[in-house]
Amino acid sequence: MKEETENKSVKDTMEIILHAGDAREFIADAIDNVATYDYSKAEENMRKAEAELVIAHRLQTAKIQQEAEGKKVPYSVLFTHAQDTLMTINSEFKLIQHLIKVFKARDKREGRI
């Protein structure tokens with residue numbers, strides 16, 4: 001039973017990393033869309049990125065809640081990495097979200113879109 005629990009924990013942790021990584025890909029695509037003035041595609045990619053981040057965040061929260069409920073949760077370098085990855089990509093998301101607004105406003109003002 002302990003091995004099964006550990007395997008699920010590792011699987012859930014890897015899911016955080018994978019969903020955050022997928023979000024990063026959508027974010028990179030979104031900024032590429034901005035470069036070609038395709039703001040609707042950029043916003044679509046950001047919605048996809050946000051959906052991936054929500055999944056990753058829910059997985060992270062479920063793991064943290066276990067410890068908050070008093071369950072013994074062993075330290076995991078992999079989970080620490082997953083949290084770091086998620087936080088970094090979430091910051092990238094917020095930055096690109098803001099940049100899209102800035103560039104879109106500038107390009108509207110200058111008649112590019």
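Which residue just after H1 takes a positive phi? Tyr37 does so, at about 65°; helices, like strands, are DSSP runs numbered from the N terminus (H or I with at least four residues for helices, E with at least two for strands).

1. Basis of the note. This is a predicted model, in which local features need pLDDT of at least 70 and side-chain atom pairs count only at pLDDT 80 or more, whereas totals for chains, interfaces and linings use all residues. Residues are numbered from 1 along each chain as its sequence is written, and side-chain values use heavy atoms, with hydrogens and water left out.

2. Helix H1. The 34 residues of H1 should span 50 Å at 1.5 Å a residue, and the end C-alpha atoms are 50 Å apart, which agrees; the expected span is 1.5 Å times one less than the number of residues. Among the buried residues of H1 are Asp12, His19, Ile27, Ala30 and Asn33, where buried means under 20% relative accessible area, exposed over 50% and partly exposed in between (1.4 Å probe, protein chains only). The cover over the buried residues of H1 includes H2 and H3.

3. Nonpolar core. The largest nonpolar core has 20 residues, of which Ile27, Met46 and Ile100 touch the most other members. H1 (2-35), H2 (39-68) and H3 (77-109) each supply at least two residues of this core. Such a core is a set of buried Ala, Val, Leu, Ile, Met, Phe, Trp, Tyr and Cys residues joined through side-chain atoms within 4.5 Å. Leaving aside neighbours within four places in sequence, Met46 is in contact (heavy atoms within 4.5 Å) with Ile27, Ala30, Phe93, Ile96, Gln97 and Ile100.

4. Helix H3. H3 has 33 residues and reaches 48 Å from its first C-alpha to its last, close to the 48 Å expected at 1.5 Å a residue. Its buried residues include Phe79, Phe93, Ile96, Ile100 and Asp107, and what covers the buried residues of H3 includes H1 and H2. Just after H3, Gly111 takes a positive phi of about 75°.

5. Asp107. This residue is found in H3 and is buried, with a relative accessible area of 1%. Apart from neighbours within four places in sequence, Asp107 is in contact with Tyr37, Tyr39, Arg112 and Ile113.

6. Phe79. Lys63 lies over the face of Phe79, at 5.3 Å from the ring centre; the criterion is NZ of Lys or CZ of Arg within 6 Å of the ring centre and within 35 degrees of the ring normal.
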